[in-house]
Amino acid sequence: MSRHAILTIPNMLTGYRFAVAPVLLFFLYPQPSVGVSLFAFLLFLTGALTDLADGYYARKHKIETVLGKLMDPVADKVLVCAALIMLIPMDKIPAWLVFIILARELVITGLRGVAASSGIVIAASGMGKLKSILQYTALCVLIFPLGVMPIPFLHELGKGILYISAFMTVWSGVDYFYRFQKIFLGTSH
């Protein structure tokens with residue numbers, strides 16, 4: 001693969017999510033100042049927006065790459081995992097909820113890898129995309145500092161959205177597994 005084919009705008013947007021995740025780890029810590037929290041929020045928000053933009057741009061301009069198809073979902077998981085893990089010691093979300101979300105992500109990523117090794121692409125479903133949007137929304141709300149805007153119960157709202165996204169996470173995971181089973185076990189219904 002030539003250097004030109006790798007350095008596409010969508011691949012650079014995907015790379016941005018990989019770069020943002022460790023920086024986000026540094027800025028998400030217990031009791032950050034309002035300024036630090038706002039910076040962490042902006043980092044996460046821009047990372048989430050690149051997830052929406054990279055695939056759209058690649059499809060629109062017909063510059064999808066194998067590297068992009070492989071790394072895009074991994075970059076999404078890395079960004080989301082960084083935020084989820086760092087929100088636990090901040091007492092914003094319970095560890096068991098993070099475990100459910102991360103376990104699903106690992107299982108589905110593994111299933112996609114097995115499918116890809118057999119030449120089968122398991123594309124994101126509508127439920128999976130909704131799950132991602134809910135996760136990004138919840139995490140943005142949870143990272144945003146309290147007191148900046150007069151929104152009562154801001155973090156409770158974020159936690160509620162995350163619970164809904166966790167439900168969608170499990171549901172879409174079951175859907176992926178069902179589709180994976182039909183492909184590899186040859187069950188027909």
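Just after helix α3, Lys62 adopts a positive phi of about 55 degrees. The model is predicted. Its largest pocket holds about 1,300 Å³ of space, and the search of the whole structure for disulfides returns 0. The points below take the helices, the pocket and the cysteines in turn.

**Helix α2**

- Helix α2 covers residues 9–27, which makes 19 residues.
- From first to last C-alpha, α2 reaches 26 Å, close to the 27 Å expected at 1.5 Å a residue.
- Gly15 and Arg59 are 44 residues apart along the chain, and their C-alpha atoms are separated by 17 Å.

**Helix α3**

- α3 runs over residues 34–60.
- The 27 residues of α3 should span 39 Å at 1.5 Å a residue, and the end C-alpha atoms lie 38 Å apart, so the two values agree.

**Largest pocket**

- The lining of the largest pocket is made up of 49 residues.
- Nearest the centre of this pocket lie Lys69, Asp72, Pro73, Arg112 and Ala124.
- Five helices each supply at least two lining residues: α2, α3, α4 (66–87), α5 (95–117) and α6 (126–143).
- α4 gives the most to the lining, with 12 residues.
- Sorted by class, the lining has 24 nonpolar, 13 charged and 12 polar residues.

**Cysteines**

- A disulfide is a covalent bond between the sulfur atoms of two cysteines.
- The structure contains 0 disulfides.
- For Cys81, the closest cysteine sulfur is that of Cys140, and at 16 Å it is too far away for a bond.
- Cys140 is likewise in no disulfide, since its nearest cysteine sulfur, in Cys81, is 16 Å away, whereas a disulfide requires the two sulfur atoms to be within 2.5 Å.
- Cys140 counts as buried because its relative accessibility is 11%, and the cut-off for buried is under 20%.

Methods
Residues numbered from 1 in each chain as written. Predicted model: local features only at pLDDT ≥ 70, side-chain atom pairs only at ≥ 80, totals over all residues. Heavy atoms only, no water. Helix = DSSP H or I, 4+ residues; strand = E, 2+ residues; numbered from the N terminus. Expected span 1.5 Å × (residues − 1). 1 Å grid on protein atoms, 1.4 Å probe; cavity = no way out; pocket = protein on both sides within 12 Å on 5 of 7 lines; lining within 4 Å. Points joined across faces, edges and corners; volume = space filled by probe spheres on them. Nonpolar A, V, L, I, M, F, W, Y, C, P; charged D, E, K, R; others polar. Buried < 20%, exposed > 50% of the residue type's maximum accessible area, 1.4 Å probe, protein only.
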